[in-house]
Amino acid sequence: MSTHPLDDPAVNPFDVAATAALEIAERTGVDRHDIALTLGSGWGKAADLIGETTATIPAAEITGFSKPALEGHVGTLRSVLLPSGKRALIIGARTHYYEGHGVRRVVHSVRTAAATGAKIMILTNGAGGIKETWTPGSPVLISDHINLTADSPLEGATFIDLTDLYAARLRAIARSVDPTLDEGVYTQFRGPHYETPAEVQMAKAIGGHIVGMSTALEAIAARQSGMEILGLSLITNLAAGIQKTPLSHEEVLEAGREAEPRISALLAKIVAEL
Ligand code: HPA
């Protein structure tokens, strides 16, 4: 039997998030956070660049968080004091849908961020690019998404509008920092296998430009919690079949490492404008 609180259907996931937020306030000494960032592959160094880290907590010590499943994903929560005086909560611990623990665990960090007071949720990831003009190592804005997981973080008859899910206001701010930033529609597959070339062509045909295994479900939960969302993908590779060589996790990590200083600096500049 699982002892994870979110695995009990009788438990309200928002209560678990509220408990986690209280623990974060106690452990960090910060009552409210203003902004939250989930840092995916390639984006980790932004944590050091946006401000002064005042507390670091192993995420697994906070209620509802799961142990990191993947190398390259730092399992910590950090509280950062921005030069503006605002507080950022940095989530370096993402639970992926493909881990099979259910969507509640996937979106717990986002719900916790909202419960700490965050009004803006920045979701970043490493992903495959469908647009042939993109080169590995390029950051792109997420303009919208297509959720191909056939799942939702919403439970019951909860009808939530997803128009302008990835806020045009925040994308404009990001583009004021880097006018060369392109944008595209993020398509979330379940994974953990990469897509087949045929699936990539399907994603393209239905309007996708980016393929990945995270973010869409998190964005839906962030919207449900009333946060404004900024989504950024690092294109670590061209998607299967667009790039002619086979994909490898090592290649994805390497592209992330190579791009990290550059895109982390960009993200820090964007955060300074929020
Ligand atoms: N597909 C899905 N997820 C990914 C990819 C990809 O090509 N690259 C990095 N994450």
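How many of the 5 residues of strand β4 are buried? In this predicted model, the count for β4 (residues 87–91) is 4 of 5, so the strand is largely enclosed by the rest of the structure.

## Strand β4 and its partners

Strand β4 pairs with strand β1 (residues 35–38) in the parallel sense, over 4 bridges. Within this pairing, A36 has L89 of β4 as its bridge partner.

Strand β4 also pairs with strand β3 (residues 76–81), here in the antiparallel sense and over 5 bridges. A88 of β4 stands opposite V80. Strands β3 and β4 form a hairpin, with 5 residues between them. The turn of this hairpin contains G85, which has a positive phi of about 95°. In a regular strand, side chains alternate between the two faces of the sheet.

## Helix α6

Helix α6 spans residues 216–224 and is mostly covered, with 8 of its 9 residues buried. The buried residues are A216, L217, E218, A219, I220, A221, A222 and R223. A charged residue is thus found at two of these positions, E218 and R223.

The elements that cover the buried residues of α6 include β1 and α3, together with strands β5 (120–129), β6 (138–147), β7 (182–188) and β9 (228–238). After α6 comes G226, with a positive phi near 85°.

## Helix α3 against α6

The axes of α3 and α6 come within 9 Å and cross at roughly 50°. This angle makes α3 oblique to α6. The crossing of the two helices is right-handed.

On the α3 side, the contact is made by V103, V106, V107, V110 and R111. On the α6 side, L217, E218, A221, A222 and Q224 take part. By class, the residues of this contact divide into 7 nonpolar, 1 polar and 2 charged. Of the α6 residues named here, L217, E218, A221 and A222 are also among those listed as buried. An α-helix has 3.6 residues a turn, so residues three or four places apart point the same way.

## Helix α1 against α3

The crossing in which α1 passes α3 is right-handed.

From α1, the contact involves P13, F14, V16, A17, A18, A20, A21 and I24. From α3, it involves R104, H108, R111, T112 and A115. The contact of α1 with α3 has 9 nonpolar, 2 polar and 2 charged residues. R111 of α3 is named in the contact with α1 and again in the contact with α6.

## Helix α4 against α7

Helix α4 (residues 168–177) and helix α7 (residues 249–272) have axes that come within 9 Å and cross at roughly 120°. The two helices are therefore oblique to each other. Their crossing is right-handed.

In this contact, I173, A174 and V177 of α4 meet L266, K269 and I270 of α7. The residues involved divide into 5 nonpolar, no polar and 1 charged.

Key. Residues are numbered from 1 along each chain as its sequence is written. This is a predicted model: local features need pLDDT of at least 70, side-chain atom pairs count only at pLDDT 80 or more; totals for chains, interfaces and linings use all residues. Side-chain values use heavy atoms; hydrogens and water are left out. A crossing is left-handed if the near helix is turned anticlockwise from the far one by less than a right angle, and right-handed if clockwise. Contact means heavy atoms within 4.5 Å. Buried means under 20% relative accessible area, exposed over 50%, partly exposed in between (1.4 Å probe, protein chains only). Two strands pair if DSSP finds at least two bridges between them. Axes are lines fitted to C-alpha atoms, for helices over the stretch in contact, and angles run from 0 to 180 degrees between N-to-C directions. Angles under 35 degrees count as roughly parallel, over 145 as roughly antiparallel, 65 to 115 as roughly perpendicular and the rest as oblique.
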